[in-house]
Structures are given as C-alpha cells and as structure tokens.
Amino acid sequence: MTKGLFITFEGADGCGKTTQIKLLDEYLRGEGYKTLLTREPGSKGLGEKLREILLNYDGEVSSKCESFLFLADRAQHVDCIIKPALEEGVIVLCDRHTDSTVAYQGYGRGLDIEQIKSLNELATSGLKPDLTLVFDVDVETSQSRVGTEKDRMESAGIEFFERVRKGFLEIAKFEPERVKVIEATNTIENIHKQVVNEYKRIAR
Ligand code: TYD
C-alpha cells in the first residue's frame, strides 16, 4: 500500500530511545534516504496543543480521557503527517506510537487491552509499523535517567512503570516479527549497531 518504511521506537521514559532515533536518522540520511523524524504525542500543529494538555495539565484526568487524547493525537498524526510521508517513499521514524497506548493506558492504567488495540486500529486506519524497537531497561535505571523534574506522565510511580515495562515485553512476545526488544543498558554505540542491524533486516 505504501512506498516508504515506518519504524517506531518504544520503551519507558528514560530508556534512551530518543538518542537512538536521532542516531538512526543521521545514519539513514548519510546513506542518502529521505527521512521524517517525528513523535507522539505532539508532532506539530494541533498535536502540540494535545501534547501540552497530556503532559502538563495539572487537574484530574480520567484514564479513559487520557487514552482518547493520545488516540486523537495519533489519528491526526497518521492522517496528516505519517501517511502522506510514507506515500512519498519517505522513511518515517516515530518516537512512540500505538504500543505506548497499550503499555501505558492498557497495562499501566489498567484499561482493557483488547479495547485499546481496537481503538488503535481505528486511530491508524489499520496502518502498522514495519518495525518496532522496544528499548528495555529496569525501572530503577529509567527513573534515575528521568531525574526529579517530572511531567504528568512521569510522575505516575514505580509500580506503574513496572507494569508499563511488562506491557512492552508482552507486546513483543505477541508480535515477535514486528517488535524487537533491545537491551537498553548497553553503550550508545553498541545499541546503535543493533538498531542499524534491525533496520537492515527489514529493508532488504
Ligand atoms: P515524552 O516527553 O515524549 O516522553 P519520552 O521522551 O519518554 O517519550 O512524553 C510522552 C509521555 O506520554 C510518556 O510518559 C509516555 C506517555 N504516552 C502514553 O502514556 N501513551 C501514549 O499513547 C503515548 C504516545 C505516550
């Protein structure tokens, strides 16, 4: 259906995926490919407003409302940014996508996993990443990387993040072809090599 490649980067806050997505972007550009580096929530435009609410609103937010806001951001992102880029043959690298909603709102907040998966389908019109990399790190390490200045999501507590981590690992078990787990306590250079190898495997 689409000409480009769609690669998503997932994992708990502080797992190092943002460093790695930038390194893969540089690598691909160096190889002469056209790329789009984007993120959820909030790539640009309306998404930025939704991101501001999701990360900084300090009143009560129900788990369902939170899910729908992430999903609203995703629908806009897929329709207005990701799909047009893929149709032009661009390699789209996305920092978080559908699996974050399954891990954070499903496993983390305790909403029904199957319902979240169906809502993801609705938001993306069934678009699936060609490859998803989950950066796995123990909760203690990821929390120490996040530091003390936490946003609304990062303030959720250790048990929440244990569930989120388990969620990502379960997702990888369910879809081993699409989702690859990368041990994220390795060196930046070593992790980058693994990321490039995974890219080469699907790009063939
Ligand atoms: P961000 O600052 O982008 O965090 P990171 O650099 O770790 O990706 O904030 C995104 C936050 O939103 C992060 O805590 C994960 C959370 N999130 C969800 O809970 N559900 C989702 O569907 C998405 C996309 C993100």
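**Figure 1. Composition of the shell around the ligand in the predicted model.** The residues of the shell around the ligand comprise five nonpolar, three polar and six charged residues. The model shown is predicted. In total, 14 residues surround the ligand, and the closest are Asp13, Lys17, Arg96, Thr101 and Gln105.

Figure 2. The ligand taken alone exposes 540 Å², of which the protein buries 90%.

**Figure 3. The ligand in the largest pocket.** The pocket in which the ligand sits is the largest. Three helices, H2 (46-56), H3 (63-87) and H4 (98-108), each give two or more residues to the shell around the ligand. Helix H4 gives the most, with four residues.

**Figure 4. The loop between strand S3 and helix H4, with Arg96.** Arg96 is located in the loop that runs between strand S3 (91-95) and H4. Its phi is positive, at about 75°, although Arg96 is not a glycine. In general, most residues other than glycine have a negative phi. Arg96 is also listed among the closest residues to the ligand, and H4, at the end of this loop, gives four residues to the shell around the ligand.

**Figure 5. The cis peptide bond between Glu40 and Pro41.** The peptide bond joining Glu40 and Pro41 is cis, with an omega of about -5°. Most peptide bonds are trans. Pro41 belongs to the loop between strand S2 (35-39) and H2. Helix H2 is one of the elements that give two or more residues to the shell around the ligand.

**Figure 6. The chain that provides the setting for the close-up views.** Eight helices and five strands make up the secondary structure of the chain. Along the sequence, these elements follow the pattern β-α-β-α-α-β-α-α-β-α-α-β-α. The C-alpha trace of the chain spans about 45 × 35 × 30 Å along its principal axes.

Definitions and conventions: Residues are numbered from 1 along each chain as its sequence is written. This is a predicted model: local features need pLDDT of at least 70, side-chain atom pairs count only at pLDDT 80 or more; totals for chains, interfaces and linings use all residues. Side-chain values use heavy atoms; hydrogens and water are left out. A residue is near a molecule or strand if one of its heavy atoms lies within 4 Å of it. Accessible areas come from the Shrake-Rupley method with a 1.4 Å probe; for residues, only the protein chains shown count as cover. On a 1 Å grid over the protein atoms alone, a cavity is a set of points where a 1.4 Å probe fits but cannot get out, and a pocket is an open set with protein on both sides within 12 Å along at least five of seven lines; lining residues have an atom within 4 Å of a point. A molecule sits in a cavity or pocket if more than half of its atoms lie within 2 Å of its grid points. Ala, Val, Leu, Ile, Met, Phe, Trp, Tyr, Cys and Pro count as nonpolar, Asp, Glu, Lys and Arg as charged, and the others, Gly among them, as polar.
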